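Hello,

Here is the structure I promised to pass on. Please open it next to this email; my notes follow below.

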Amino acid sequence: MNIPKIHESEYRFCLIMWECEPVTAAELVRLCKEQLGWKRTTTYTVIKRLGERGVLKNEEGVIRSLVSKDEAQASTIDELVEKKFEGSLPAFIAAFTKHQDMSKDELDEVQRMIDRIRKGGV
């Protein structure tokens, strides 16, 4: 599935939508004003644009996502790895871990993920 591009400000909107969905457009206007400082017109513009791109659907003022948070995050990582690391996941991981302090618990979790993948799980 080709995931539509979600820009940074749209992503912040989507975080609110994913947390509350299904949610009315009016409630999203209120939440975006509180959390993002957006005007009503800004929220409706983002709803319209994301609807046109297939990120969400607006049915009679009720907003539901068509792209999940996990799908959006995976698409962003895929794009980053492709553009900045020439498609090499090991190069991405090496660059990431070189500049991150990882706790023993985090390292153990990454190892469990690798072990699951090796066993054919996800």
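Thr43 sits in helix α3 (helices are DSSP runs of H or I, at least four residues; strands are runs of E, at least two; both are numbered from the N terminus). Thr43 counts as buried because its relative accessibility is 0% (buried is under 20% relative accessible area, exposed over 50%, partly exposed in between, with a 1.4 Å probe and protein chains only). Leaving out residues up to four places away in sequence, Thr43 touches Phe13, Leu28, Val29, Cys32 and Trp38 (contact means heavy atoms within 4.5 Å).

Before you read on, note that this is a predicted model: local features need pLDDT of at least 70, side-chain atom pairs count only at pLDDT 80 or more, and totals for chains, interfaces and linings use all residues. Residues are numbered from 1 along each chain as its sequence is written, and side-chain values use heavy atoms, with hydrogens and water left out.

**The core**

Which residues touch the most other members of the largest nonpolar core? They are Phe13, Cys14, Met17, Leu28 and Ile63, out of 22 residues. (A nonpolar core is a set of buried Ala, Val, Leu, Ile, Met, Phe, Trp, Tyr and Cys residues joined through side-chain atoms within 4.5 Å.) Helices α1, α2 and α3 are the elements that give two or more residues to this core. The largest share, six residues, comes from α1. Cys14 touches Ile6, Leu50 and Val55, again not counting residues up to four places away in sequence.

**Helix α2 and its partners**

Helix α2 covers residues 25–36, and its buried residues are Ala25, Leu28, Val29, Leu31 and Cys32. They pack against α1 (8–20), β1 (23–24), α3 (40–52) and β3 (62–65). Just after α2, Gly37 takes a positive phi of about 75 degrees.

The axes of α1 and α2 come within 11 Å and cross at roughly 130 degrees (axes are lines fitted to C-alpha atoms, for helices over the stretch in contact; angles run from 0 to 180 degrees between N-to-C directions). That angle makes α1 oblique to α2 (under 35 degrees is roughly parallel, over 145 roughly antiparallel, 65 to 115 roughly perpendicular, the rest oblique). From α1, the contact uses Arg12, Phe13, Ile16, Met17 and Cys20; from α2, Leu28, Leu31, Cys32, Gln35 and Leu36. By class, that is eight nonpolar, one polar and one charged (Ala, Val, Leu, Ile, Met, Phe, Trp, Tyr, Cys and Pro count as nonpolar, Asp, Glu, Lys and Arg as charged, the others, Gly among them, as polar).

**Helix α1 against α4**

These two helices, α1 and α4, pack at about 155 degrees, with axes 11 Å apart. So α1 is roughly antiparallel to α4. Tyr11, Leu15 and Trp18 of α1 meet Lys69, Ala72 and Gln73 of α4. The classes here are four nonpolar, one polar and one charged.

**Backbone points to check**

Most residues other than glycine have a negative phi, and most peptide bonds are trans. A cis peptide bond joins Glu21 and Pro22, with omega about -5 degrees. Pro22 is in the loop between α1 and β1.

Glu60 is not a glycine, yet has a positive phi of about 55 degrees. Glu60 lies in the loop between β2 (56–59) and β3. At 84% relative accessibility, Glu60 is exposed.

Glu86, also not a glycine, has a positive phi of about 50 degrees. Its loop runs between α4 (69–84) and α5 (89–98). Glu86 is exposed, at 74% relative accessible area.

Best wishes
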